[in-house]
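Here are my notes after a pass through this one. Have a look at the structure first, then read the points in order.

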Amino acid sequence: MSGKERLPIFPSRGAQMLMKSRLKGAQKGHSLLKKKADALQMRFRMILGKIIETKTLMGEVMKEAAFSLAEAKFATGDFNQVVLQNVTKAQLKIRTKKDNVAGVTLPVFECYQDGTDTYELAGLARGGQQLAKLKKNYQSAIKLLVELASLQTSFVTLDDVIKITNRRVNAIEHVIIPRIERTLAYIISELDELEREEFYRLKKIQDKKRIARKKLEEQKAALGITESALDSANLLDEGDEDILF
Amino acid sequence: MSISKIPTEFAEYYFVNQLIAIVGEEDTVVGFLLAGIGECGKNNQTNFAIVPYNATEDEIMNHLQKFILREQIAIILVTYEAAHKIKHFLVEYKSFLPVILEIPSKYHHYNPAEDEIMMRLAQKYCEGDERRASTSSNGK
């Protein structure tokens, strides 16, 4: 339990310095991580807004596309089987690139045209215009969906990263920094204790010395006359301690 | 500081030539095929699957799993009816790639309130608010 309250370290000046620098480091790390979390949060919010916007727009576009499909069918007749049988190579393809937000890599999808339109000749006899419109509508729907896909992956990734960052920020704030502070307080109190002890010891020695001197004085006073006599008797004696004791 | 615009000419694509797959009812699939997403590779391996209106959950999952396992596929579109049937799977789905997107079908008009992902977003949005509030109050 004590290991949780403070770090196991011997209270000394050196350890105090070490703890001080560690505290400083932790605080710096905390502020940096907090900044990162804020940046991610900002991006996250932006993406959320965009997703909702794009989703709503996608609903509209898909509705229109479905409607134009019905229109084309009305003009051309049922072409489902023809389309399904004539699939060869994809014309719209996806490529992915990386985007970087505060050290987090997010994928960005992009659709691009590759090759020619397989259904170029579809609707040549009838309803060509409707079919062209239909293709255009569905292509714009795809563009939106691709955008939505990148937003969605970014969203999921960012959500995870934000969770982790927040956990780290909180850990530093509520566990690591308090622990270092407690250790520091412990070191300071121990050092103070040592100082007080030292001070007390010095005082005690002084007291002892004083008492001893007093006793001596008293003894001297008791033997006052003899001493003065001794003093006058012995002119050569200067009262050197080593000689007296 | 604009974050959204990064210079694209320096960006390196680390995946190209990827496909969009679609699982859904016939008309929507045909629409997307006309737009040009369809590909028919070796062994008649297609990137689209038509599931009838009354398809069972297993059938849909079969198609979906096949698409998920193919590396070339980056995005899987699932129409509303099919997505509705495999909702539990979509909720659990956490993988990075491919992305599974629910799209409105021909028969079902789009309603944001019913969209699984939108619901999750809304939930997260609230969560995010709380989280933000808690962190900022902690900071003070």
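1. A word on terms before counting anything: helices here are DSSP runs of H or I with at least four residues, strands are runs of E with at least two, and both are numbered from the N terminus. On that basis, chain B has five helices and four strands. Reading from its N terminus, the order of elements in chain B is β-α-β-α-β-α-α-β-α.

2. Keep in mind that this is a predicted model. For chain A the mean pLDDT is 82, and 86% of the residues score at least 70. Within chain A, α4(A) has the highest mean pLDDT of any element, at 89, while helix α6 (residues 241-244) has the lowest, at 56.

3. Now the helix pair in chain A. Helix α2 (residues 13-76) and helix α4 (residues 128-222) of chain A pack with their axes 5 Å apart, at an angle of about 165 degrees. Angles over 145 degrees count as roughly antiparallel, so that is how α2(A) runs relative to α4(A). Their crossing is left-handed. As for what sits in the contact between α2(A) and α4(A), the residues split into 37 nonpolar, 16 polar and 14 charged.

4. On the annotation side, the unreviewed UniProt entry marks residues 177-222 of chain A as "coiled-coil region". In the model, that span is 100% helix and 0% strand, with its end C-alpha atoms 67 Å apart.

5. Back to chain B, where 37% of the 140 residues count as buried. Helix α1 (residues 26-35) of chain B has eight of its ten residues buried, so this helix is largely enclosed by the rest of the structure. The buried ones in α1(B) are B:Thr28, B:Val29, B:Val30, B:Gly31, B:Phe32, B:Leu33, B:Leu34 and B:Ala35.

6. What follows α1(B)? That would be B:Gly36, which has a positive phi, near 105 degrees.

Terms used. Residues numbered from 1 in each chain as written. Chains lettered and ligands numbered in written order. Predicted model: local features only at pLDDT ≥ 70, side-chain atom pairs only at ≥ 80, totals over all residues. Axes fitted to C-alpha atoms, helices over the stretch in contact; angles between N-to-C directions. Parallel < 35°, antiparallel > 145°, perpendicular 65-115°, else oblique. Left-handed = near helix turned anticlockwise from the far one by under 90°. Nonpolar A, V, L, I, M, F, W, Y, C, P; charged D, E, K, R; others polar. Buried ≥ 20, exposed ≤ 12 C-beta atoms within 10 Å, placed from the backbone. UniProt positions renumbered as here; feature names shortened; annotations may be inferred. pLDDT = per-residue confidence, 0-100.
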